[in-house]
Each structure stands twice: as structure tokens, then as C-alpha cells.
Amino acid sequence: MQLADQGALDATDPRLNGKNLSIGIVQARFNADITNALAQACRSELLALGVAEKNITLVQVPGALEVPLALQGLAENLKYDALIALGCIIRGETYHFELVANESGAGVSRVALDYKVPIANAILTTENLEQAVARQTDKGHDAARVAVEMANLLESL
């Protein structure tokens, strides 16, 4: 299987300098084993990129549908350079998967555009638990990198 070239930046790239950035994270508790691993990987990567522990705020919500409202609450504070959405939606046997995935994704994008704040969306949408487990660490790291890079980009525009 061929993997897509993600155009990853080297860790020393100045666009990944998290010093002086303030990052807010909203984590859904539903599928907690996965979302806790996402949050741990995300926090670890933020610290590795230079974001100070005191500049990382984590709030938890029941599930993926509640993530956008909490992101909006953080965005209204105007104290965060970027936000991160963490969650895990696993397909079941009903239409509920599509509803939750589509609405949470649209809500995250709307908050980013309405408040002009970068939001790294790491709400996993997978077919099964095995896919979620396989992605939890990498997607947590990716979300941290996206948040830092986009915060620096918007600051430079």
C-alpha cells in the first residue's frame, strides 16, 4: 500500500516553533481509551515543539458533537493561538456515524472560520476499533504540529 506524501516539516523548521504559543484542546470522552491516547500524544508533541505546559489548556466534553461548542467557548476567550479537536467516531450499524462525523466536522470548521483561529481537527472517523488504535498516536502528534504551524502562519500573514 502506497502512503500519501504528507509534506511533513522537519522538527527544527521555525514554522514548528511553539514557544510563546497558547493552545487549547477539546477532547471528547466517548471512546475514552482512544481519545486519552490522542490527548497524551498531542500534549507530548506540543511540549516537544516548545509550547509551555502552562500554555496548554485541555477541556473534556461528552462526545464529538459537543466538541465544536467547547471550541467556540475557547475561541471567544481570544487567548489561544490555535485550538485542537480530539475525538473518535467508530462506524456502527446505523446512520448515526455519518450524522456525528459530518456535523462535528462542519462545526469545527465553522468555529475556525468564524473566529479566524486555526483548529487542528483530529476527530478520528474509522470503520472499527483497530483502525482507531492504529491512528491514535500519529494523529495526536499530527494535530499538535498542525496547530503550531498554522498559528505561526496566521501570525505571519
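View A. Setting aside neighbours within four places in sequence, T126 is in contact (heavy atoms within 4.5 Å) with I89, I90, R91, F97, Q131, A132 and R135. T126 is buried, at a relative accessible area of 3%; buried means under 20% relative accessible area, with a 1.4 Å probe and protein chains only. Helices (H or I, at least four residues) and strands (E, at least two) are DSSP runs, numbered from the N terminus. This is a predicted model, in which local features need pLDDT of at least 70 and side-chain atom pairs count only at pLDDT 80 or more, while totals for chains, interfaces and linings use all residues. Residues are numbered from 1 along each chain as its sequence is written, and side-chain values use heavy atoms, leaving out hydrogens and water.

**View B. Helix 4, its cap and its kink.** Start at N128, which caps the N-terminal end of helix 4: a side-chain oxygen sits 3.2 Å from the backbone nitrogen of E130. Further along, look for a kink of about 45° centred on Q136, the bend being the angle between axes fitted to the seven residues ending there and the seven starting there. Q136 is also one of the buried residues of helix 4, including A132, G140 and A143. These buried residues pack against strand 1 (23–28), helix 1 (32–48), strand 3 (82–90) and strand 4 (119–126).

View C. In helix 2 (residues 67–76), you will find V67, P68, A70, L71, L74 and A75 buried. Just after helix 2, L78 has a positive phi of about 60°.

Technical notes. Buried means under 20% relative accessible area, exposed over 50%, partly exposed in between (1.4 Å probe, protein chains only). A polar contact is a pair of N or O atoms within 3.5 Å; within protein, one must be able to donate a hydrogen and the other to accept it, and residues adjacent in sequence count only if both atoms are side-chain atoms.
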